[in-house]
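Here is a quick walk through one protein model, helix by helix and core by core. Have a look at the structure first, then read on.

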Amino acid sequence: MAGFDDDRPPMSAVEFRLLKELLLDWCGLLLREDLKYVAERRLWPRLEALGLDDFNAYYRYLKLDARGKDEMEQAIELLVPHETYFFREPAQLESFSQELLPRLVERNRLTRRLRFWSAGCSSGEEPYTLSMLLEQSGLFEGWDVQILGTDISRRVLAQARAAEYGATALRVTTPSQLSRFFDTLPSGRVRVKAALRERVSFGHLNLLDEAAAVLLPQMDVVFCRNVLIYLEPNARKKVVQLFHGKLSPGGYLLLGHSESLLTLTTQFELVQLSGDLVYQRPVAQKR
């Protein structure tokens, strides 16, 4: 079958393998074989922008050029999915609100301090959803509560900081939630209310960058939903180990419904809630 542009040499199997290896080393992204053509189409504009003739030259640029690190971020922007929306996976969020938040109130009642981390937060819908749920609970008046959202994409983080959204991000948001948590803009888009934005901050982070991750504070809850499924197994193990180290003893890890820690680690305890399964770092370390 002819390519999308017959003047462009297709990405060879060797070039695809080399690109896969670079992505694995950089951020753990697992680029499946069936995505070769997708990667080729998405990355060709970058080759043209750099004046490169083929993917072998692009690989050398990523690997050897002083600007390769910046270009790797450009490539990741094009290859990493960023699908998300407000109040995603509502059954899990209901269990979080109805069961985990009261437990956190009891556990932290002396310090009145809580830290949440949305890892792989994309354009910000998840951390803002957490802020909305905390507000809705009415449990944390006067508490020191901070929510951190991190992502490998600087582009989506800029969108998150702007906190402006259209219909796609609101597709399961109810009318009452819309009126309570958002301001409507003249454009017809909406913006998260200022009081909800105040407890949310965003930062750029590659989850495999140990030197950067060490700067993160200890967390009470980590949300990492629908991120591990895009990583290769060794990268998943490293990321889960990072979460374990950054969670305070007794803290919770919430994954997407298609993800689990089976085969990755035995350091967490599985906690059965009424509507979901979550993971908890034990208060006493396992020997």
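## Leu78 and its contacts

Skipping its neighbours within four places in sequence, Leu78 is in contact with Arg42, Leu43 and Arg46. Keep in mind that this is a predicted model. Leu78 sits in helix α4. Is Leu78 buried or partly exposed? Leu78 counts as partly exposed, because its relative accessibility is 31% and buried means under 20%.

For a sense of distance, take Lys238, which is 160 residues away from Leu78 along the chain. The C-alpha atoms of the two are separated by 24 Å.

## Glu71, also on the α4 helix

Glu71 belongs to helix α4, which covers residues 68-79. This one is a buried glutamate, with a relative accessible area of 4%.

What does Glu71 touch, leaving aside neighbours within four places in sequence? The list is Arg46, Leu50, Tyr58, Tyr61 and Leu62. Arg46 also turns up among the contacts of Leu78.

## Where α2 meets α3

Helix α2 (residues 36-50) packs on helix α3 (residues 55-64) at an angle of about 70 degrees, and their axes are 10 Å apart. That angle is why α2 counts as roughly perpendicular to α3. On the α2 side, the residues involved are Glu40, Leu43, Trp44, Arg46, Leu47 and Leu50, and they meet Phe55, Tyr58 and Tyr61 of α3. Sorted by class, this contact has 7 nonpolar and 2 charged residues, with no polar ones.

## A closer look at α3

Phe55, Ala57, Tyr58, Tyr59, Tyr61 and Leu62 are the buried residues of α3. They pack against α1 (13-27), α2 and α4.

At the start of α3, Asp54 has a side-chain oxygen that comes within 3.2 Å of the backbone nitrogen of Asn56.

## The two cores

The largest nonpolar core has 39 residues. Which of them have the most contacts inside it? They are Phe86, Phe96, Phe116, Tyr128, Met132 and Val192. Phe96, leaving aside its neighbours within four places in sequence, is in contact with Leu101, Phe116, Leu130, Leu133, Val221, Phe223 and Leu254. Apart from this core lies another, of 26 residues, including Leu23, Ala57, Ala75 and Val80.

## Thr129 in α6

Thr129 is part of helix α6 (residues 125-137). How far is a polar atom of its side chain from the backbone oxygen of Glu125? The two atoms lie 2.7 Å apart.

Thr129 is buried, with a relative accessible area of 2%. With neighbours within four places in sequence left out, its contacts are Phe86, Phe87 and Leu93. Phe86 is one of the residues with the most contacts inside the largest nonpolar core.

## Two loop residues with positive phi

Glu89 lies in the loop between α4 and α5 (90-107). Its phi is near 55 degrees, a positive value in a residue other than glycine. Glu89 is buried, with a relative accessible area of 13%.

Asn226 is found in the loop between β7 (219-224) and α11 (233-246). Although Asn226 is not a glycine, its phi is positive, at about 60 degrees. Asn226 counts as buried because its relative accessibility is 15%, and the cut-off is under 20%.

Terms used. Residues are numbered from 1 along each chain as its sequence is written. This is a predicted model: local features need pLDDT of at least 70, side-chain atom pairs count only at pLDDT 80 or more; totals for chains, interfaces and linings use all residues. Side-chain values use heavy atoms; hydrogens and water are left out. Axes are lines fitted to C-alpha atoms, for helices over the stretch in contact, and angles run from 0 to 180 degrees between N-to-C directions. Helices (H or I, at least four residues) and strands (E, at least two) are DSSP runs, numbered from the N terminus. Angles under 35 degrees count as roughly parallel, over 145 as roughly antiparallel, 65 to 115 as roughly perpendicular and the rest as oblique. Contact means heavy atoms within 4.5 Å. Ala, Val, Leu, Ile, Met, Phe, Trp, Tyr, Cys and Pro count as nonpolar, Asp, Glu, Lys and Arg as charged, and the others, Gly among them, as polar. Buried means under 20% relative accessible area, exposed over 50%, partly exposed in between (1.4 Å probe, protein chains only). A nonpolar core is a set of buried Ala, Val, Leu, Ile, Met, Phe, Trp, Tyr and Cys residues joined through side-chain atoms within 4.5 Å. A polar contact is a pair of N or O atoms within 3.5 Å; within protein, one must be able to donate a hydrogen and the other to accept it, and residues adjacent in sequence count only if both atoms are side-chain atoms.
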